Amino acid sequence: MGLLLAVSAGILASCNTNQAKNNATMTDSIAISKMLPAESGFEQTIDGKQVKLYYLKGKNGMQAAITNYGGRVVSLLVKSQAGNMIDVIAGFDNLKGYQESSSNYYGALIGRYGNRIANGKFKLDGKEYSMFINNAPNTLHGGKVGFDSKVWDAVQPNEHTLELTYHSADMEEGFPGNLDVKVTYVVTRYNSLEITYEAKTDKPTVVNLTNHAYFNLNGPGSGTILKHIMQINADDYTPVNKDLIPTGKIESVKGTPFDFRAPLPIGDRIDADNEQIKFGHGYDHNYVLNNHNAQIPVATVIGDKTGLILKVFTTQPGVQFYTGNFMEGKFKMKGGFPDAHRTAFCLETQHFPDSPNQPTFPSTVLEPGKPFKSITLYQFEKK
Ligand code: GLA
């Protein structure tokens, strides 16, 4: 009898602890879901297509909110060293914020051609193609209405995954070929956001797909990213002219403000007396990655206030390191904080800018019957 009592007391006690744990988990998840923007801020019909906000969860606690409007990464919640969740994405809690700030491409999928095409022109198989000049004198990030402002078809096969598809018709924004694009976002059990890009065409064309997520590893309202520690695994970069078009040369980063082979604060040389820095108004340059096998990080960043570490992996040959030099504080982001100058950075994995006009760069030509596929991972760790 005594034993029975003791056992049941034990069971009761363990029930109580379990219940306490469940309650704690419930309170945690309520608190966490409050950190994610509400669906209602995104529900709208554009061109007959429904815009929505999708929530993704990883097995290890990481969470994401992604909208099918431009496939934009709206939020990524990651656990910090101190145990609290940090939203590492600079973005908005409503669709309007993204529409008003369209020229900043916050969090968006970029296509058909990420980065610049000189003078909005290129030749393919002897024929010249012209695009809209939206970044005079060049075409930037796909032209007048790029993939960043399209409503993608969305399927959520499970709570970790969002599949987005978009059909870009022949000659949309001046690019040849019917292009079918699929982007799959997965929040993995290893605390990473994995992005798989796939594309196929029915005529030869050019394609350069990327994501324009703006990160601040210290969280919203934490100020600039100048004290974040950056390491980029690249011996070379592609210097540009004053319009940010590559000169065609591949130059060593050695002895320049672009050398991030050893970890350094982003802000140390960002305003250096250097022509390339002036052209970019800071960092806005393509790095030639030493390896792009998705096995070794191409970049590692540490948030100085949270100790959060971001490791980027990719199969793409380049990465555009951009330090939010065109953020001007004009728009109110999540939490009511302005998108102030250099309060976020981007690591846009990509083919090199202007490749269609640069014969020495890796080719961005896509042929029918030879589908394109690339993978990029943004993985988070604690110090
Ligand atoms: C890219 C470009 C920048 C800028 C941003 C968006 O990173 O390289 O020059 O246009 O997009 O503001």
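Tutor: Quick convention before we start: helices (H or I, at least four residues) and strands (E, at least two) are DSSP runs, numbered from the N terminus. The model is predicted, so local features need pLDDT of at least 70 and side-chain atom pairs count only at pLDDT 80 or more, while totals for chains, interfaces and linings use all residues. Residues are numbered from 1 along each chain as its sequence is written, and side-chain values use heavy atoms, with hydrogens and water left out.

Student: Fine. Where is E173, then?

Tutor: E173 sits in the loop between β13 and β14. Its phi is positive, about 55°, although E173 is not a glycine.

Student: And M171, where's that one?

Tutor: M171 is in the loop between β13 and β14. It is another non-glycine with a positive phi, about 75°.

Student: Is M171 buried, exposed or partly exposed?

Tutor: Partly exposed, because its relative accessible area is 42%. The cut-offs are under 20% for buried and over 50% for exposed, with partly exposed in between (1.4 Å probe, protein chains only).

Student: What about S168, buried or exposed?

Tutor: S168 belongs to strand β13, residues 161–168. It counts as buried because its relative accessibility is 0%.

Student: Which residues does S168 touch?

Tutor: Leaving out residues up to four places away in sequence, S168 touches R112, F147, G177, N178 and L179. Contact here means heavy atoms within 4.5 Å. With R112 there is also a side-chain polar contact of 3.0 Å. A polar contact is a pair of N or O atoms within 3.5 Å; within protein, one must be able to donate a hydrogen and the other to accept it, and residues adjacent in sequence count only if both atoms are side-chain atoms.

Student: Where does R112 sit?

Tutor: In the loop between β7 (109–110) and β8 (116–117).

Student: What's the peptide bond from A136 to P137 like, cis or trans?

Tutor: Cis, with omega near 0°. A136 counts as exposed because its relative accessibility is 69%. Its C-alpha is 8.1 Å from that of D243, 107 residues apart along the chain.

Student: Switching to the ligand. Which residues come nearest to it?

Tutor: R116, H141, H212, D284 and E348, out of 15 residues around the ligand. A residue makes that list if one of its heavy atoms lies within 4 Å. The shell divides into six nonpolar, six polar and three charged residues.

Student: How far is a ligand oxygen from the H212 side chain?

Tutor: A ligand oxygen is 2.7 Å from an N or O atom in the H212 side chain. For H141 the distance is 3.0 Å, and for Q320 it is 3.4 Å. Taken alone, the ligand exposes 300 Å², and the protein buries 98% of that. Those areas come from the Shrake-Rupley method with a 1.4 Å probe; for residues, only the protein chains shown count as cover.

Student: How many residues are in the largest nonpolar core?

Tutor: There are 59, and Y185, Y287 and F345 have the most contacts inside it. Strand β14 (residues 179–187) gives the largest share, five residues. Apart from it lies another core, of 24 residues, including A65, Y69, Y98 and M333. A nonpolar core is a set of buried Ala, Val, Leu, Ile, Met, Phe, Trp, Tyr and Cys residues joined through side-chain atoms within 4.5 Å.

Student: Last one: where's P263?

Tutor: In the loop between β20 (251–252) and β21 (264–265). P263 touches I229, M230 and Q231, not counting residues up to four places away in sequence.

Technical notes:
Ala, Val, Leu, Ile, Met, Phe, Trp, Tyr, Cys and Pro count as nonpolar, Asp, Glu, Lys and Arg as charged, and the others, Gly among them, as polar.
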